[in-house]
Amino acid sequence: MEIAEEILIVGAGIAGLTTALGLHRLGIRSLVLESSERLRITGFAFSTWSNAWRALDAVGVGESLRQKHYLLTGLVVASTFSDKPTSEVSFKDREIRCLQRRSLLETLAKELPDGTIRFSSKVVSIDESSGYCKRVHLADGTILKTKVLIGCDGVNSVVANWLGLKKPAFTGRSAIRGNASFEGGAGHGFGAKFKQFVGKGVRSGFLPYDDENVYWFFTWCPSTKEEEMEDDPVKLKQFVTSKIKDTSDEMKSVVEKTPLNDIVSSPLRYRKPWELLWGDISRGNVCVAGDALHPMTPDLGQGGCLAIEDGVVLARCLAEALLEKPGGAEPEEECERIEMGLKKFARERRWRSFDMIATAFVVGFIQQSEWKILNYLRDKFLLQFLSGLLLRKADFDCGNL
């Protein structure tokens, strides 16, 4: 038995829920398939720049999220082995906050109609149905037939694989992330600045998102032995502590205050940007968005931001196609309009994704380099330029619904 659905979104992450909410705001129903039993709230937090806040305003959740998260005032960059800033950039006239992932996902989900998210629904395969529709097979044996299939299912995307996109490549770098809580007192007292430490082959930093909670990160190029630590938070915390022993006392206190169950590690993967130039972002009535489209290194702090942008642009492009002749179009005409709408989304996002993946990779290489000459140039000249580059990339406006 097949169950018919107009629009299927695979993955209830940032891109999937933003797309579903964007469609809902425009009067279009979708069904979101999530493989987990509940919302996936791992990852703690991420930086959200002006471009993301414009997109969150477009789907109507920006204001409620602002009330829970600091407005950051600037970025301070220092050497891994010094407290003395080598670069400081003001965030004046820009909106940059550290956004708790759980808060974002729960806010998006709360705005959706009941029944929009179907949990414990793992997609195992996709094939052609009769006519233009796709048949989506779930692990529990359910078969769903849909006119539109959107893959927001992350770096191991089943939908991206169906489109022929290669699996994301390992960058040779890994990241350890954590959430420190300074409850029961005067709070952390760090103010509202993004602080980052670079050099000697590592990159670390922290961002407060309210008076008591601080998100931190640490990236490095692991040896085979160090890769084995990924599932052991005790070893991860000990490793980071040893690597930042000469960094600022603030950075050390953040790591020290982090509970073991609030530390995770993962390899950093990215889609080789040139694959987006000739690969299929969309084909027929199928497309990908979010990390299924543009997995990238975290060096611009834009991965989650781009996923939010994707959701707004995709909802707008689909709505233009589906609402042109609501209920009155012939099936062939409707199929053609859906295909054109997804192609429009792909055109809008291809170069944006290419640019951000490539830029993030280069910035990460420069910041984490161990080359003495590059370290000297970075500390003397490049950090101010790179910091300004982050702000310019965040000036992008994906538009309204």
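**Close-up 1. A network of salt bridges links D57, E63, R66, E95 and R97 in this predicted model.** A salt bridge here is a side-chain nitrogen of Lys or Arg within 4 Å of a carboxyl oxygen of Asp or Glu. The model is predicted, so local features need pLDDT of at least 70 and side-chain atom pairs count only at pLDDT 80 or more, whereas totals for chains, interfaces and linings use all residues. Residues are numbered from 1 along each chain as its sequence is written, and side-chain values use heavy atoms, with hydrogens and water left out.

**Close-up 2. Further salt bridges include K193 with E88 and R135 with D127.** A search of the whole structure finds 30 salt bridges. In the pair of K193 and E88 the closest N and O atoms are 2.8 Å apart, and this pair links distant parts of the chain, since K193 belongs to strand β12 (residues 193-199) and E88 to strand β5 (residues 85-90), 105 residues apart. Strands (E, at least two residues) and helices (H or I, at least four) are DSSP runs, numbered from the N terminus. K193 counts as partly exposed because its relative accessibility is 29%, and E88 counts as partly exposed at 43%. In the pair of R135 and D127 the closest N and O atoms are 3.0 Å apart, and D127 is partly exposed at 28% relative accessibility.

**Close-up 3. Helix α2 (residues 50-58) is largely enclosed by the rest of the structure, because seven of its nine residues are buried.** The buried residues are S50, N51, A52, W53, A55, L56 and A58. What covers them includes β3 (45-48), α3 (62-66), β6 (97-100), α4 (101-110), α10 (303-322) and α11 (331-368), contact being counted for heavy atoms within 4.5 Å. Just after α2, G60 takes a positive phi of about 85°.

**Close-up 4. D93 and S120 are loop residues that take positive phi values although neither is glycine.** D93 lies in the loop between β5 and β6, with phi near 70°, and counts as exposed because its relative accessibility is 74%. S120 is found in the loop between β7 (117-118) and β8 (123-128), with phi near 50°, and counts as partly exposed at 44% relative accessibility.

**Close-up 5. W274, L277, W278 and W351 form a nonpolar patch on the surface.** Together these residues have about 520 Å² of accessible area, computed by the Shrake-Rupley method with a 1.4 Å probe, and for residues only the protein chains shown count as cover. Patches are made of residues with over 30% relative accessible area and no salt bridge, like charges being joined within 9 Å and nonpolar side chains (Val, Leu, Ile, Met, Phe, Trp, Tyr) within 5 Å. L277 is placed in helix α9 (residues 275-278) and counts as partly exposed at 37% relative accessibility.

**Close-up 6. A search of the whole structure finds zero disulfides, and C98 is in none.** A disulfide is taken as a pair of cysteine sulfur atoms within 2.5 Å. For C98 the nearest cysteine sulfur, that of C305, is 11 Å away, and C98 counts as buried because its relative accessibility is 0%. C398 is likewise in no disulfide, the nearest cysteine sulfur, that of C317, being 11 Å away, and C398 counts as buried at 6% relative accessibility.

Methods:
Buried means under 20% relative accessible area, exposed over 50%, partly exposed in between (1.4 Å probe, protein chains only).
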